[in-house]
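Thanks for coming, everyone. I'll take you through one model today, region by region. Please look at the screen.

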Amino acid sequence: MSKVVYRKNGGRRRAGYPLLVLCAVLLFGFSLVNIVWPKRTQLELENRKAAQLPAFSVSALLDGSWQSGFARWIQDQFSLRDAAVNTQRAADEVLFRKAEEGGILLGKDRWMFTKLFTVDDATRKQLAKNVQAVSEFAANHPGKVTFLLAPSASVIYPEELPAGAPMVDENAMLDDIFAKVGQSADVIDLRGTFTDLKDEYLYFKTDHHWTPNGAYRAYEQFCSLKGLTPFDRAAHEPITVTDFQGTHYSATRLWNVENDEITYYPLDSLMTIYKITGEAAYEPETTENIVNVQKFDTRDKYAAFLDGNNGYSTIEGRGTGSILVVKDSYANSFVPYLTENYAKIGVVDFRNFKYGLDSTIEKEGYDEVLVLYNFQTFIADTNLIYISRPSTLSCQK
């Protein structure tokens, strides 16, 4: 039996009180620190907005939305959050040998890849719609359209994937896409070129984009197809931005990350970003350089190219003729090279452009169209179907 110890006054020794007091002090102190800790609007390391304290209302309390919002606020705003998350992620990899974090595969040599083990029925249906939309658009503009679909880094560097990672057969899907779109458009398949050049810096390790060098190698293939002389990198002085940690790092917070670098060429080409007021109706909002160097001082450094994903922009080039680029963000580091070859470059991003292109092509007189996406965006993008939407303006003529 355990021995009961009595104090002189006849009561039992309250041995647990000091521990309870210590816990209470720590809890109170931690709560006080959280109250005075500076609140953030952005979680820079995670590249997303931080949850804010929700406005209180009785209805929100009763339906549970206030409690959910308050929990998200506590989770995002507690003190030392970044250190705690980094410690947890390091333990996951070192102690438990995790090969995946936040939907990102942790490959060899500090590579990070977007996980794509399966393509669900909804995505396959969307892919079919996108292939049909691009094919119909190209058929309606015979001889004008070039289709460039960048392969995933995992296709070029399969040896860097975690052992046994059951990735989808992207090569088979690319073969099928190119065969269908190629019936009405010129297609550029980069797999052979990129495999031959895989020892170069083609893709970021911490981000889902290709590097400006990867974009340049793709641009060279475009020039070869079109009979153009490529931008001469040897004739320009590059600038390298260091310590880039991209979207894959934001998802994984890999403890032994190998930071990426962004090397670009400071060109003097100007870009006008437009506010879209209707179909083929635009109002200029700002005119700036095609590379917003201020964004190299932020975590989202890749957004410096074209200043992000604007709905419609035009760029002044040094060449002849005009081209309209329909794109996802892979094209952002590609487009600056086109200033060597074209006098005018239009850029459309359907995330912020909800009209068909026929009226814009007719109004602006574009000679060519380049559709440039990466594979993983292309198969799931729900906005690309706008590309073949008929013009409503033609019906009013």
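How many residues of strand S6 (residues 145–150) are buried? 6 of the 6, so S6 is largely enclosed by the rest of the structure. Buried here means under 20% relative accessible area; exposed is over 50%, and partly exposed lies in between, with a 1.4 Å probe and protein chains only. Strands (E, at least two residues) and helices (H or I, at least four) are DSSP runs, numbered from the N terminus.

A word on ground rules. This is a predicted model, where local features need pLDDT of at least 70, side-chain atom pairs count only at pLDDT 80 or more, and totals for chains, interfaces and linings use all residues. Residues are numbered from 1 along each chain as its sequence is written, and side-chain values use heavy atoms, leaving out hydrogens and water.

Back to S6. Val145, Phe147 and Leu149 point one way from the strand. Thr146, Leu148 and Ala150 point the other way. In a regular strand the side chains alternate between the two faces of the sheet.

Now its partners. Two strands pair if DSSP finds at least two bridges between them. S6 runs parallel to strand S15 (368–374), joined by 6 bridges. Thr146 stands opposite Leu370 there. S6 also runs parallel to strand S7 (residues 186–188), with 3 bridges. Leu148 faces Ile188 in that pairing, standing opposite it.

There is an open sheet too. It has 3 strands in the order S3-S4-S5, with antiparallel pairing. Strand S3 (100–101) and strand S5 (112–114) are the edges, each pairing on one side only. Strand S4 (residues 104–106) pairs with S5 over 3 bridges. Leu106 stands opposite Met112 in S5.

Next, the rings. Rings of Phe, Tyr and Trp (its six-membered ring) pair if their centres lie within 6.5 Å; planes under 30 degrees apart count as stacked, over 60 as edge-to-face and the rest as tilted. By that rule there are 29 aromatic pairs. Take Phe194 and Trp210: centres 6.3 Å apart, planes at 55°, so the pair is tilted. Phe194 sits in helix H8 (residues 191–196), and Trp210 in the loop between H8 and helix H9 (212–226), 16 residues apart. Both are buried. Tyr201 and Phe204 make an edge-to-face pair, 6.2 Å centre to centre with 85° between the planes. Tyr201 is partly exposed at 34% relative accessible area, while Phe204 is buried at 1%. Ring pairs also link a cluster: Trp111, Phe113, Tyr157, Phe194, Tyr203, Trp210 and Tyr330.

On to Gly308. It lies in the loop between strand S11 (281–289) and strand S12 (312–316). Gly308 is buried, with a relative accessible area of 13%. Leaving out residues up to four places away in sequence, Gly308 touches Ala303, Lys327 and Asn332; contact means heavy atoms within 4.5 Å.

Last, the largest pocket. A pocket is an open set of points on a 1 Å grid over the protein atoms alone, where a 1.4 Å probe fits, with protein on both sides within 12 Å along at least five of seven lines; lining residues have an atom within 4 Å of a point. Of the 28 lining residues, the closest to the centre of the largest pocket are His208, His209, Asn309, Ser329 and Arg351. Helix H10 (247–252) and S15 each supply at least two residues of that lining.
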